[in-house]
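Please open the model in a viewer and keep the sequence panel at hand.

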Amino acid sequence: MNKNRNRFLYSTVPSLIAILAGLVFGAILMLIVCLMDKNITLGGFWDGARLLIIGFLSKGRDELGNLMFGYNGTHLGNMLFKATPLIMTGLSVAAAFKAGLFNIGAPGQYLMGLTASIVIALAIPSASVPAGLILVLALLGGMVAGAVWGMIPGALKAYLNVNEVITCILTNWIAANLSTLIFEGSAFINNTEPGKSGFLYKTAANGVELPKALLDKVFPGSQVNSGIIIAVILAVIMYFVISKSICGFEMRLCGSNREAARYCGINENANIIMSMAIAGALAGIGAALYTLSGNTEFAWSTYQKLPQVGFNGIPVALLGCLNPIGVIFTGMFMSALEINGQQIANLTAYNEYITSIIIGVIVYLSAFTKYIRGVMMHRRKKGGTKK
Amino acid sequence: MTFLIQQTVTYALPLMIVALAGVFSERSGTINLALEGIMIIGAYIGVLFVRGMEGTVWIRLALAEQSYLSFQLLEIAAMLVAACAGAVFSLLLTLAAIRFKSDQTITGTALNLIAPAFTVFGILLLTNQTTLTLQNIDTSAMFILKKSTWGLDRSADMGWLGNLLFNKTYLATYISLILYAVLAILLYKTKFGLRLRACGENPEAADSLGVNVNKMRLAGITISGAVAGMGGFIYALTTAGCTANGDVAGFGFLAMAVMIFGNWNPGTIVWASLIFGFFKCIAACYFTLDLNGDSVYALANLGISANIYRMLPFVVTLIVLAFTSKKSRAPKAAGKPFEYMSDV
């Protein structure tokens with residue numbers, strides 16, 4: 001019991017220290033900018049700093065221009081909605097990390113999942129096939145497309161020993177061009193609104209959308225839907241798969257000591273491919289859950305830009321200590337920060353990129369976890385001898 | 001043809017020099033995943049420096065007099081400033097990876113997150129736009145070597161070679177080629193280079209012979225940062241018209257691919273980056289490509305989607321990697337923090 005508590009402390013405390021230090025760094029940076037920029041008053045800084053921490057509770061400004069805070073269903077609901085793909089890409093990166101692979105290919109897997117699920121959701125007419133069935137097919141399609149895209153670096157790593165970081169980067173850009181190729185000139189482009197041909201139809205146009213599951217009553221005015229529930233369930237399933245199942249044990253063994261795994265008779269190559277396929281599938285489901293909300297518009301000409309949510313899966317996974325349950329919380333934390341950033345941009349003279357800096361700083365500090373853990377253990381040992 | 005060669009070199013050069021930056025870091029034993037971030041910082045600070053200098057009397061006078069020499073000096077100064085910025089930024093990697101023995105992949109990722117965020121944050125505060133442009137559009141044109149730079153008339157004939165080398169090219173290209181050669185010699189033909197490589201192959205052995213491993217790694221990362229920062233500015237100068245927007249189109253990551261593809265070897269990296277640059281160039285300008293001057297755009301007439309061409313560099317690299325990877329060999333100790341025997 002005590003041992004479990006210690007393990008919990010050793011893994012969460014360094015992450016919490018990193019998050020706290022990152023937020024403090026952000027506030028200090030805002031103060032420095034405030035002192036250097038004549039347009040920003042100290043009051044403006046104070047508003048910004050408050051929004052940085054609890055921007056998702058902001059209710060705008062009152063007549064006197066003071067910030068108001070309180071329960072804001074729209075922000076909280078959108079926070080959960082944006083957390084959905086982040087949790088999934090976070091799980092994707094975490095699963096691959098457990099198997100000793102660095103999945104920087106989540107953006108490509110996400111993009112392929114997105115492409116597949118949009119194509120399925122829009123191409124099958126809901127007049128002849130029930131919308132519920134299309135929804136399930138689109139989800140599965142996104143999952144399979146992501147898995148296939150994840151398997152490419154996996155197979156190259158397993159059979160030809162190509163560094164997975166490089167193949168992931170290359171397949172990301174191939175996915176970006178492939179997605180544009182599929183949508184360019186297709187019937188999925190929304191031409192109904194003049195001057196807005198850069199987007200595809202929403203899947204709701206075909207009647208395909210995830211059920212709201214009463215969440216729209218709790219968080220009125222937001223985009224939240226049952227996707228977040230599915231993401232949380234999948235995270236819990238992944239927790240059991242990784243830490244309790246044989247397959248998860250083999251993955252972890254391959255990750256921590258490849259030679260030992262081979263000695264134990266584990267098929268190392270199959271394991272690498274499977275781990276990457278699982279990682280890709282998770283990212284693909286994340287994309288499907290996001291796009292099948294029915295309300296999101298996808299800018300199809302994506303060949304120059306990879307989806308940021310794929311890259312953000314890396315910090316989500318790392319901050320969550322690669323633990324699927326931790327990933328649920330860090331995913332929500334990251335999307336809360338994103339909402340805070342939007343509030344900062346809307347209500348103050350600062351811009352939303354301050355939160356991106358903070359995320360970077362937090363990940364940077366989270367790399368020190370080993371050191372902080374060492375310090376913690378050292379102190380505990382010292383305390384023990386005194387007694 | 002001239003156009004094709006020049007454009008290929010334009011795309012290949014930042015890749016080549018940043019890949020060499022990666023070699024310096026990895027050969028000394030540290031994986032530098034932050035090349036992309038360092039490039040972004042270098043591009044940002046370099047452009048910011050040029051923009052700041054535009055306001056000075058010296059540059060204003062030079063622009064009025066069309067003094068090309070002043071602008072070439074400004075270009076060199078901006079390259080140096082970008083190199084310093086990259087070196088300073090890379091100290092963050094040194095601090096985490098060497099002092100605190102962090103996971104180098106995570107630290108590199110963090111720096112890749114910080115660099116674009118910091119850049120766009122700064123640009124937005126300064127200009128209220130997400131792209132940092134120069135104040136005067138003529139400035140970026142003054143950096144290009146062209147006929148008027150050499151005091152020649154517009155109709156003058158420079159000859160095929162003269163045209164290839166000195167018309168519509170950048171001084172930065174030649175400086176970085178020289179730098180590339182110097183750095184490759186430094187790495188392979190000097191005592192310093194030998195020690196540096198030893199730290200990436202067998203740090204314990206190097207340590208036992210009195211080489212300070214962590215200092216060598218600090219040197220490796222700092223050189224890597226300086227070169228990558230300079231590469232970032234060269235990218236911004238030659239392919240983005242001297243603007244910065246917190247994005248280098250994944251060139252830092254591609255440089256890593258070129259480094260591995262080039263087997264951590266400066267000689268092979270030249271070929272690897274040229275192949276990649278060639279396909280990148282075809283993707284960027286296949287529709288105006290006229291190989292034999294008969295005004296027939298052969299590639300455009302094939303009717304293949306632009307997306308296929310844009311995919312080519314990545315697909316080709318992937319295929320070549322798949323075929324050559326069995327032979328490729330990374331520095332043995334890259335990515336492993338060095339522990340002194342007394343610490344263990």
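Begin with both chains displayed: over all chains, the count comes to seven salt bridges, a salt bridge being a side-chain nitrogen of Lys or Arg within 4 Å of a carboxyl oxygen of Asp or Glu. This is a predicted model, in which local features need pLDDT of at least 70 and side-chain atom pairs count only at pLDDT 80 or more, while totals for chains, interfaces and linings use all residues. Residues are numbered from 1 along each chain as its sequence is written, chains are lettered from A and ligands numbered from 1 in the order in which they are written, and side-chain values use heavy atoms, with hydrogens and water left out.

**Stop 1: salt bridges within a chain**

Select Glu164(A) and Lys157(A), whose side chains meet in a salt bridge (3.2 Å, N to O). Glu164(A) counts as buried because its relative accessibility is 7%; buried means under 20% relative accessible area, exposed over 50%, and partly exposed in between (1.4 Å probe, protein chains only). Lys157(A) is likewise buried, with a relative accessible area of 18%.

Next, select Glu201(B) and Arg27(B), which form a salt bridge with the closest N and O atoms 3.9 Å apart. Glu201(B) belongs to helix α9 (residues 191-201) of chain B and Arg27(B) to helix α1 (residues 2-27) of chain B, so the pair ties together parts that are 174 residues apart in sequence. Helices here are DSSP runs (H or I, at least four residues), numbered from the N terminus. Glu201(B) counts as partly exposed at 24% relative accessibility, whereas Arg27(B) counts as buried at 13%. Then select Arg258(A), Arg262(A) and Glu268(A), which are joined into one network by salt bridges that share partners.

**Stop 2: the interface of the two chains**

How many salt bridges does the rule find across the interface of chain B and chain A? There is one. Select Lys305(A) and Asp247(B), whose side chains meet in a salt bridge (3.8 Å, N to O). Lys305(A) counts as exposed at 52% relative accessibility, and Asp247(B) counts as partly exposed at 27%. In general, side chains of opposite charge can pair when their charged atoms come close.

Now widen the selection to the whole contact, which takes 46 residues from chain B and 46 residues from chain A; contact means heavy atoms within 4.5 Å. The area buried between the two chains is about 4,000 Å², and carbon and sulfur atoms give 78% of this area. Buried area is the accessible area (1.4 Å probe) that two parts lose on being put together, summed over both. In chain B, highlight Leu113(B), Phe121(B) and Leu318(B), which lose the most area to chain A, together 16% of what that side buries.

The rule also finds three residue pairs in polar contact across this interface (both at pLDDT 80 or more). A polar contact is a pair of N or O atoms within 3.5 Å; within protein, one must be able to donate a hydrogen and the other to accept it, and residues adjacent in sequence count only if both atoms are side-chain atoms. Colour α4 (68-99), α5 (104-127), α12 (251-261) and α15 (306-324) of chain B, each of which supplies at least two residues of the side that touches chain A. The largest share of that side, 14 residues, comes from α5(B).

**Stop 3**

Is Ser90(B) buried or exposed? Ser90(B) counts as buried, at 0% relative accessibility. Ser90(B) lies in helix α4 of chain B and touches Ile38(B), Ile221(B), Thr222(B) and Gly225(B), not counting residues up to four places away in sequence.

Turn to His75(A), in helix α3 (residues 73-98) of chain A. His75(A) counts as buried at 14% relative accessibility. Leaving aside neighbours within four places in sequence, His75(A) is in contact with residues including Phe56(A), Ile339(A) and Gln343(A).

Finally, select Ala317(A) in helix α12 (residues 308-319) of chain A. Ala317(A) counts as buried at 0% relative accessibility. Not counting residues up to four places away in sequence, Ala317(A) touches Gly90(A), Val93(A), Ala94(A), Leu322(A) and Val327(A).
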